[in-house]
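Reader: I would like to go through some of the labels used for this structure and ask what each one rests on.
Author: Please take them one at a time.

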Amino acid sequence: MSDPMNVLAPEHRRLRIGDAWRDAASGATFAVEDPATGKTIAEVADAGVADGLAALDAASRAMAEWAATPPRKRSELLTATYRALTGRSEEIARLITLEMGKPLAEARAEVAYGAEFFRWFAEEAVRVEGRYSTAPAGGYRILTVPKPVGPCVFVTPWNFPLAMGARKIAPALAAGCTTITKPAAQTPLTMLLLARIMEEVGVPPGVVNVITTKRSGEVVSALLADRRTRKLSFTGSTEVGRVLLRQAADNVLRTSMELGGNAALIVCADADLDVAVDGAMVAKMRNIGESCIAANRIYVEEPVREEFTARFAERMGALSVGHGLDDGVDVGALIDDPSVAKIDELVADAVDRGARVLVGGERPDGPGHFYPPTVLVDVPDDARMLKEEIFGPVAPIISFTSDDEVLAKANDTEYGLVGYVFTRDLQRALRFAEGLETGMIGVNRGLISDPSAPFGGVKQSGIGKEGSHEGILEYLDLTYAAIDLP
């Protein structure tokens with residue numbers, strides 16, 4: 001088995017600021033671990049406030065020239081990035097698995113997904129349009145001109161170390177903005193590799209800056225306090241999102257916030273159970289369940305509850321657990337020990353309140369951060385796992401008897417990111433689509449993420465959209481000119 005670390009040379013495990021790869025000003029580093037073994041796989045630079053501000057200096061210096069770069073040129077560089085990512089898919093996927101833990105097949109899918117953002121926004125870059133019209137009362141003309149918002153700060157999560165950065169960087173560059181990305185400390189290597197690839201395809205210095213740090217709070221706070229920063233995009237927990245929103249308010253920054261979720265997946269009695277079981281497996285187990293759009297609560301209508309549960313539990317129990325780089329592994333390691341400990345607590349809490357475990361439910365011994373695919377039934381409404389984001393391979397199943405009942409339960413959460421419904425009744429599907437308080441809905445489908453679709457939630461699951469045409473609008477300000485013309 002080749003070493004995935006060979007794709008990222010030691011000199012590119014440092015900070016990417018302007019035209020240089022540099023150590024942190026303090027010389028500090030931190031370790032990146034393989035979550036399947038707990039062993040250190042690399043040391044990367046641990047940026048401080050001075051390094052963050054140096055990255056902002058570089059992004060600010062590059063801003064005017066990048067904004068003036070012809071849209072076609074920006075488009076070509078994004079297309080070149082897409083081609084480079086797809087051409088190097090296997091080596092990038094192996095690095096993702098090594099630092100994040102997901103199985104190699106999942107990592108390959110992430111590379112394809114992340115690369116597609118560059119292709120999509122390469123096409124959007126040349127379609128940014130204003131308008132020119134006569135004022136309704138006559139006497140003057142209305143001209144609107146979209147302009148890039150300015151230097152952007154991105155804070156990305158560990159669960160999709162390539163795709164979450166791509167989903168932000170691609171539209172920002174397409175719109176003419178420069179960027180500073182702060183990847184999660186658990187998975188910084190993939191973002192550093194992306195920066196290296198974008199350097200190789202010719203993206204100018206200062207347009208894509210990457211700072212790795214274990215001191216996220218102080219570094220990001222300093223960037224948000226600087227008036228040169230004009231946009232913040234964050235993907236992560238609602239708790240951290242609230243903190244960042246308060247900080248962003250001081251300089252009235254444009255914000256995009258993709259926060260936590262508590263997705264309900266609803267299986268109606270008239271559903272095609274083959275489709276429903278397949279969809280539930282995808283919605284629950286994609287990315288080992290470490291996804292904000294993972295099915296957190298599975299509601300099954302009483303007439304099909306027993307059959308669905310038996311089939312779903314059998315599928316979950318058949319999944320193999322192991323190192324993501326090993327052949328035949330379906331479920332890799334979770335990101336770290338606190339994540340495993342929280343899942344263990346949620347399962348124990350549900351069992352203490354009367355739930356029964358059908359599959360899994362016990363944390364294994366040995367190295368690495370593993371937890372088996374788990375299915376619980378008879379989960380009471382007061383169980384913590386129905387209120388909190390599980391973020392792992394655990395599926396609670398709850399029965400329901402009416403649409404009104406399940407809608408009330410599905411909406412009884414502060415979150416509103418995504419919901420899923422399985423039914424062969426079109427009118428019923430539309431009623432659920434209108435009744436669920438979520439920004440996205442999967443109808444007879446467990447996978448809803450697509451670069452061509454607007455991704456985002458409502459309530460405390462976020463602000464703004466990523467992907468689709470709406471995604472580039474998040475990086476554009478609109479200037480209106482009133483032109484006198486009798």
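Reader: In which helix is the place of Arg428?
Author: Arg428 is in helix H13, residues 426–435. Helices here are DSSP runs of H or I with at least four residues, strands are E runs of at least two, and both are numbered from the N terminus. The model is predicted, so local features need pLDDT of at least 70 and side-chain atom pairs count only at pLDDT 80 or more, while totals for chains, interfaces and linings use all residues. Residues are numbered from 1 along each chain as its sequence is written, and side-chain values use heavy atoms, with hydrogens and water left out.

Reader: Why is Arg428 called buried?
Author: Buried means under 20% relative accessible area, exposed over 50%, and partly exposed in between, with a 1.4 Å probe and protein chains only. Arg428 has 10%, so it is buried. Beyond four places in sequence, Arg428 touches residues including Asp270, Glu301 and Asp403, where contact means heavy atoms within 4.5 Å.

Reader: What makes Phe391 partly exposed?
Author: Its relative accessibility is 21%, so Phe391 counts as partly exposed. Phe391 lies in the loop between strand E15 (374–377) and strand E16 (394–400). Its phi is positive, about 60°, although Phe391 is not a glycine.

Reader: Is Ser468 buried or exposed?
Author: Ser468 has 9% relative accessibility and therefore counts as buried. Ser468 is in helix H14, residues 468–473, and also is not a glycine but has a positive phi of about 60°.

Reader: Why are H2 and H6 called oblique to each other?
Author: Helix H2 (residues 71–87) and helix H6 (residues 189–201) pack at about 125°, with axes 9 Å apart. Angles under 35 degrees count as roughly parallel, over 145 as roughly antiparallel, 65 to 115 as roughly perpendicular, and the rest as oblique. H2 and H6 are therefore oblique. Axes are lines fitted to C-alpha atoms, for helices over the stretch in contact, and angles run from 0 to 180 degrees between N-to-C directions.

Reader: What makes H4 roughly parallel to H5?
Author: Helix H4 (residues 104–124) and helix H5 (residues 163–175) pack at about 10°, with axes 8 Å apart. That angle makes H4 roughly parallel to H5. Among the residues that meet are Phe118 of H4 and Ile169 of H5.

Reader: Which residues touch the most other members of the largest nonpolar core?
Author: They are Phe118, Ile169, Leu173 and Leu189, in a core of 63 residues. Such a core is a set of buried Ala, Val, Leu, Ile, Met, Phe, Trp, Tyr and Cys residues joined through side-chain atoms within 4.5 Å.
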